[in-house]
Amino acid sequence: MSVDDLVRDQARLLNMQSVLQHAAIASITCTGPRSLGPDRKPLRLEIKQDVLPVLPVHKVVTEVDKTPPGIELIETSVFPNANIINASIVKRELAEECKRSVKLQLQEIKERQQSALNGQHALQRQAEQNQFYANSRVQRKENDKLLQQQAEQLAKSELEAQQREQQALLKRNNQKLLLLTIEAVSCCHSRFCGKYEKVAQLLLTLDTESVQACAAINQELRELAQQFDQLVGKLKCGTSEALELNSIFTAEQYCQKLDKLEVKLHQQLTEQEQQQLIKAKQQAEEKEKERLLLLEQQRQKKQEEQQQQEQKHQKELEALLKAAPKPEEAQQPAETSTPSAAAPAAAPPTAATATATSGISTSYVHPTRLAFYNEINALYQSKVDAVKPLQTDEAWKKYRTNCQRTINVPLNAITASSPQHLTTNFDKLYNFFAGQPVRTMDGSNITINDHPLARDYCILLMAKKFVSQTDTAISSNPQAAFPFASVINTFWKLLPDFGKIFLAYMYKESPYLVPYVIPQQPDQTPEQYLKTMGYRLSENNELEKPDMFLKRQTGIARLYAAVIMTPSRKIDGPAQCFGLDEAWRWLTHITFVKPLPDICATMIMEMLQTLGFELWRAYGTNFLKLLVYIQTVYIPQLAAYDEGGPKTRLEMLLSKFLRERQIPQAVGVLPPGFW
């Protein structure tokens, strides 16, 4: 609101005040109709016309009730006049209305003033805000400039720190690379030295002729060792990174060259050994021819002597007949000459029989092994015949069942899980054979002394049960053979007859372990002959399949080999009842008997895989020569009968052993002093 509006409003109020005052005076001076009550004298108000005061606006309300100056109230009557009352009421209402109007005007003025002040404040705030924004932009620019400078300094410092860190990292990497290079070259050097020592030892074991033949390889070996030593010296003194990086590849190349030299040396030695074997074989054949020729000459000479003697006796007989002696005199010379004539006649059949026996021995079984086989079978048959009364007596059927259960339960639980477990099951078996009572399932107690034939019966039963483990546990888990073998050897030491009975069962299941290739008899059918060679017939007289037969024979061979190499429990007695000499004897004899397809190669391969490590360690070069003989002489003979997978696997196994000059130890072998 402007100032002019305020002045106009004030003038309007002053005019309203003057009008109200004149109206009040008129109402006082005028008389109206009479109301209730007695008549009263009229009040007359004398007003000085020349005095009509004009009150200011802010005093209008407060001065309305007062009598204006120059006006005198003249009371003409005792009783109040109604006009006066009405005038006072109007006066009071007008005063209140004026108050309200003034208040409203004042309120409007205040609001206008406040709105003007608010507008001024808003303009001032807007100006201040604009100034603040301008100052902020300037300050922001200064701050951005300062931040940019700080960022550049920080980036520069971080770049320098990163460069230093990269240099330190590069230095550390170079050190690590150097250490890794040294470690890698050291590993190659260790491998090189180990291989070099083996090759050197091999060269030292050779004779003079072989060493001269391998002179070129020996010279290459020395040069290679010198080159490797020079490489190690350069690595210790050199600082070139390229030298450090190339050292690993160079060392690996030297190791590969050494491997090739070793293979070349082995091949050359193998060729020399083969040549020597061929030469020895030729010499042996020549000696054999000479021996056969000598024997033929001796035989012919002996036949000539026999013929001469027969002719001489014939002449004497004819001379006696011509002399015509007396009957009683002729009887005596006849009786004397008859034995002399009969003796030469009996000699040729004896020689023929010896020759036939010799032919069977060399083709099917060695005589010493045949004698051992017959001895084992004789003992086994005697035990079987002896226990027949106990085995056939129905009154002892329950006792036999309890004995079987007493043996089968701990025997089936034999494993190498822990020494305590193996000891516990062995003690259960041995305590029964020692005569201690055993509690049965029905609550009774039995001992092995309850029947005089019980000991032999239980020995036969336990030996058969051990052999039957080859079908169930050992054929599928080769490692299971070693704890069984340790228990078998311990019982063999404590009960010598048990070991022979065990061998009898083994030879019965597999005569190839003798080795004995039993010849087929003229009256035997093929099924009967295969049964004698270890095949089984089902209840329907169906022959066992070849793959099942080979799998079962493999389990038997594993147990046989494990018994040969596994030590027994620490008890009094011989260290080994059935030692490595049996394995050596078997390998040498199997190469001289008639080869059979599949089975011979399978048995030889299983024996070498299980016993090869022990045989190589015990016999050394002789065992190596035996392997070379099997590869060069026996395998070609076997090829005439066998072209299947077992022969091929045996050839690969022999080539691997001869190439690597080592045989790994069988898995699952019990350590010395295990229990």
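Y373 and Y507 are both buried, where buried means under 20% relative accessible area, exposed means over 50%, and partly exposed covers what is in between (1.4 Å probe, protein chains only). Keep in mind that this is a predicted model, so local features need pLDDT of at least 70 and side-chain atom pairs count only at pLDDT 80 or more, while totals for chains, interfaces and linings use all residues. Residues are numbered from 1 along each chain as its sequence is written, and side-chain values use heavy atoms, with hydrogens and water left out.

Let's stay with aromatic rings for a bit. The structure holds 24 aromatic pairs; rings of Phe, Tyr and Trp (its six-membered ring) pair if their centres lie within 6.5 Å, and planes under 30 degrees apart count as stacked, over 60 as edge-to-face and the rest as tilted. One of the pairs is F228 with Y254, a tilted one at 5.7 Å centre to centre with 50 degrees between the planes. F228 sits in helix α5 (residues 215–237) and Y254 in helix α6 (residues 241–323), so this pair ties together parts 26 residues apart in sequence. Helices (H or I, at least four residues) and strands (E, at least two) are DSSP runs here, numbered from the N terminus. F228 counts as buried because its relative accessibility is 0%, and Y254 counts as buried at 12%.

Y373 and Y507 form a tilted aromatic pair, 6.2 Å centre to centre and with 55 degrees between the planes. Y373 belongs to helix α8 (residues 367–386) and Y507 to helix α14 (residues 496–509), so the pair ties together parts that are 134 residues apart in sequence. There is also a ring cluster to look at: F426, Y430, F432, F433, F466, F484, F491, F498 and F502 are linked by ring pairs.

What about L626? L626 is found in helix α19 (residues 621–639) and is buried, its relative accessible area being 9%. Leaving aside residues up to four places away in sequence, L626 touches W584, L587 and T588, contact meaning heavy atoms within 4.5 Å. Between L626 and T591 there are 9.9 Å in space, C-alpha to C-alpha, and the two are 35 residues apart in sequence.

On to the empty space. Rolling a probe the size of a water molecule over the atoms shows where such space is left. On a 1 Å grid over the protein atoms alone, a cavity is a set of points where a 1.4 Å probe fits but cannot get out, and lining residues have an atom within 4 Å of a point. Grid points are joined across faces, edges and corners, and a volume is the space filled by probe spheres set on the points.

The largest cavity has about 40 Å³ of space, and its lining is made of S486, P567, S568, R569, L670, P671, G673, F674 and W675. That lining divides into five nonpolar, three polar and one charged residue. For the classes, Ala, Val, Leu, Ile, Met, Phe, Trp, Tyr, Cys and Pro count as nonpolar, Asp, Glu, Lys and Arg as charged, and the others, Gly among them, as polar. The second largest cavity comes in at about 30 Å³ and is lined by R191, F192, K195, C255, L258 and D259. Helices α3 (82–204) and α6 each supply at least two residues of this second lining, which has three nonpolar, no polar and three charged residues.

Finally, the charges. A search of the whole structure finds 19 salt bridges, each a side-chain nitrogen of Lys or Arg within 4 Å of a carboxyl oxygen of Asp or Glu. Among them, K388 meets D385 at 3.7 Å, N to O; K388 counts as partly exposed at 43% relative accessibility, and D385 likewise at 38%. D442 and K398 form another, with the closest N and O atoms 2.8 Å apart. Here D442 lies in the loop between β3 (438–439) and β4 (445–446) and K398 in helix α10 (residues 397–412), so the pair ties together parts 44 residues apart in sequence. D442 is partly exposed with a relative accessible area of 42%, whereas K398 counts as exposed at 55%.

The side chains of E509 and R536 also meet in a salt bridge, at 3.1 Å, N to O. E509 lies in helix α14 and R536 in the loop between α15 (526–532) and α16 (546–565), so the pair ties together parts 27 residues apart in sequence. Salt bridges that share partners join D471, E509, R536, E544 and R552 into one network.

Notes
1 Å grid on protein atoms, 1.4 Å probe; cavity = no way out; pocket = protein on both sides within 12 Å on 5 of 7 lines; lining within 4 Å.
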